[in-house]
Amino acid sequence: MRRKFMLQWESHTFGKFHYKFFRDVSSDVFYILQLAYDSTSCYSANNLNVFLMGERASGKTMVINLAVLRWIKGEMWQNMISYVVHLTSHEINQMTNSSLAELIAKDWPDGQAPIADILSDPKKLLVILEDLDNIRFELNVNESALCSNSTQKVPIPVLLVSLLKRKMAPGCWFLISSRPTRGNNVKTFLKEVDCCTTLQLSNEKREIYFNSFFKDRQRASAALQLVHEDEILVGLCRVAILCWITCTVLKRQMDKGRDFQLCCQTPTDLHAHFLADALTSEAGLTANQYHLGLLKRLCLLAAGGLFLSTLNFSGEDLRCVGFTEADVSVLQAANILLPSSTHKDRYKFIHLNVQEFCTAIAFLMAVPNYLIPSGSREYKEKREQYSDFNQVFTFIFGLLNANRRRILETSFGYQLPMVDSFKWYSVGYMKHLDRDPEKLTHHMPLFYCLYENREEEFVKKIVDALMEVTVYLQSDKDMMVSLYCLDYCCHLRTLKLSVQRIFQNKEPLIRPTASQMKSLVYWREICSLFYTMESLQELHIFDNDLNGISERILSKALEHSSCKLRTLKLSYVSTASGFEDLLKALARNRSLTYLSINCTSISLNMFSLLHDILDEPTCQISHLRIHRPTRCLTPGIPTLWEAEAGRSPEVRRSRQPDQHGETSSLLKMQNYPSMVAHACNPSYSGGSGRRIT
């Protein structure tokens, strides 16, 4: 283990700096790992699995390496762990059949492991399984197929499940790393007694990182301020490697005496400076021509890789795009192309973002399509399967901004030839979508592209045709980006808005935290659009979870004297007050004439509220629609209502669901109060003097 992990460590790009950083900030994780495998600790449990979760490049492998190195030095798990079996998903994916004995012996010299001694006390055995989400096998093995014989060769899924369910080596410990995923492998084996910890650079850890990197508190503080002013950069710096790229670029700009706050506003700026600085360190015409050729070949490799789901490149791939061994050495020294940590004798970009940025440049360079040899492999690991090009297009739009593009064009003495064509196409395509809005069902990817661009006239041209917009808000970043773009939507008539996970189950106990306050400020700015956008007439709020404060902010906006909304549709919305604040606000809105409440849990109290607001003299609602799923039916409340203007209100019951398993309700009437009151009190008589039935 010492030999294996020290070799891995020595080949790591950021050895000393990242070693010190992760050692300093991961003490809480090591504390958990120490207690979890201590059978005398209250935090431990029999057959315990510890899950180490984190996004791409969040430091999962780094933490595992540090933990094993500390164990080797006797700083962790003394008298608790005697043997470690280390498995990676890449190793497992190459196997078809194996035995536990073979897995244990694979790291021993000549495969001579003391199997009997190791398995005589499984409680002293730790199995490390890296990247569970990347395993190509489905681990839904039937109990009857599990194996208890450690020397018997069985299919890999059977072997892994037999170990994880402790049919084999009962009492052993597991340390499992994985990215958050919707797949079943993690959910299948995460038990209630297991321990799960997530790796992410919090604000405090990010501050430690910046201070460690700059070794100058004033510079670190200035760099942090720039990052914290933009949610996109905050998201970027939640990953250590992207933090390193950000700090590297900012430090170089500071060293050159440049105003880094102006030239490093977006990820496009940062990646452009990173590539330009890394590849153009030499001066002179000959050097410029060489580095431009290097950039073109790099972009060819990046684009060829993404189009063919290849993130780990062989020597043959590099030679096919024209790289020599000297070129590879230059790229490796520049920390752009590095030896893969999972695939032997292969290279990969320092981070997927850099490969995506180079692919964006390839689009605007009009480099030819190229089939790299590794792209033709039939089998692709899950983590190599690439299909979401949103980030590539975001970088393309970033490079359409003249100032951002100039970073590359000045450094390499080359103008990107496809910029004008792409701009012209983008504007024309948006005009085409205006005639067929169903082709663009939601606008967040487009908004991220426009926010990355931030060229005011271009952004105006793109959104000018938009009359209907759908946005899904799941983070502060989404709200910030949407606010920027919606401000330019001068002809917007309909806004469809979904807010998920931002306020759900986050009611402050005493006062909002700093993070909650930031979310509420963004939400207030979004709600202010409901009364500042003169063209906005229709608002759809769907799939929303609002706490008390966020509901009150929305209510204040809807009752604002300048709110000109005529239509409000609520679908699958939950609120802290049970709609009391929201409905009372609607009673004071003098423009709203149409209200739809769709697939929302409706109680007798809510009908009482509807009665009250419809009876208010300021309420202008003349059309009410209620549409609920059959599972939400409340005894005593009709499921289908209909009454035409000019007729006496009439209630008809219907329990016939439509093709989606739902029932509809439509109200058009002159006398709403009597209708709603009847739902709440069957003995109520309407204003016509006739009993409502």
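In this structure, helices (H or I, at least four residues) and strands (E, at least two) are DSSP runs, numbered from the N terminus. The model is a predicted one, in which local features need pLDDT of at least 70 and side-chain atom pairs count only at pLDDT 80 or more, whereas totals for chains, interfaces and linings use all residues. Residues are numbered from 1 along each chain as its sequence is written, and side-chain values use heavy atoms, with hydrogens and water left out.

**View 1**
Setting aside neighbours within four places in sequence, Gln-253 is in contact (heavy atoms within 4.5 Å) with Arg-258, Phe-260, Cys-263, Cys-264, His-273 and Asp-277. Between the C-alpha atoms of Gln-253 and Cys-264, which are 11 residues apart along the chain, the separation is 8.8 Å.

**View 2. Trp-523 is among the residues with the most contacts inside the largest nonpolar core.**
A nonpolar core is a set of buried Ala, Val, Leu, Ile, Met, Phe, Trp, Tyr and Cys residues joined through side-chain atoms within 4.5 Å. The largest such core has 187 residues, and those with the most contacts inside it are Phe-210, Trp-523 and Phe-530. When residues up to four places away in sequence are not counted, Trp-523 touches Met-479, Leu-497, Val-499, Phe-503, Leu-546, Ser-550, Ile-553 and Leu-554. Across the protein chain of 693 residues, 54% count as buried, and among contacts between residues at least 6 apart in sequence, 77% join residues at least 24 apart.

**View 3. Five strands form an open sheet with parallel pairing.**
The order of the 5 strands in this sheet is β2-β4-β6-β1-β7, where two strands pair if DSSP finds at least two bridges between them. Strands β2 (83-88) and β7 (195-198) are the edge strands, each pairing on one side only. On average, neighbouring strands of this sheet are turned by 15 degrees against each other, direction ignored. Helix α3 (residues 27-36) lies across β1, β6 (173-178) and β7 and runs at about 165 degrees to β1; the axes are lines fitted to C-alpha atoms, for helices over the stretch in contact, and angles run from 0 to 180 degrees between N-to-C directions.

**View 4. Strand β14 is covered on both faces.**
In strand β14 (residues 594-598), 5 of the 5 residues are buried, so the strand is largely enclosed by the rest of the structure. Tyr-594, Ser-596 and Asn-598 are buried on one side, while Leu-595 and Ile-597 are buried on the other. Strand β13 (residues 567-575) runs parallel to β14, with 5 bridges joining the two, and Leu-568 stands opposite Leu-595 in β14. Tyr-572, whose place is also in strand β13, is not a glycine and yet has a positive phi of about 50 degrees. At 36% relative accessibility, Tyr-572 counts as partly exposed.

**View 5. The largest cavity is lined by residues that include Glu-409 and Tyr-414.**
On a 1 Å grid over the protein atoms alone, a cavity is a set of points where a 1.4 Å probe fits but cannot get out, and lining residues have an atom within 4 Å of a point. By this rule there is 1 cavity of 30 Å³ or more, and the volume of the largest cavity is about 40 Å³, where volume means the space filled by probe spheres set on the points, which are joined across faces, edges and corners. The lining consists of Leu-292, Leu-295, Ile-361, Met-365, Leu-408, Glu-409, Phe-412, Tyr-414 and Leu-416. Helices α16 (285-307), α19 (352-365) and α21 (402-412) each give two or more residues to this lining, and the largest share, 3 residues, comes from α21.

Note on methods:
Buried means under 20% relative accessible area, exposed over 50%, partly exposed in between (1.4 Å probe, protein chains only). On a 1 Å grid over the protein atoms alone, a cavity is a set of points where a 1.4 Å probe fits but cannot get out, and a pocket is an open set with protein on both sides within 12 Å along at least five of seven lines; lining residues have an atom within 4 Å of a point.
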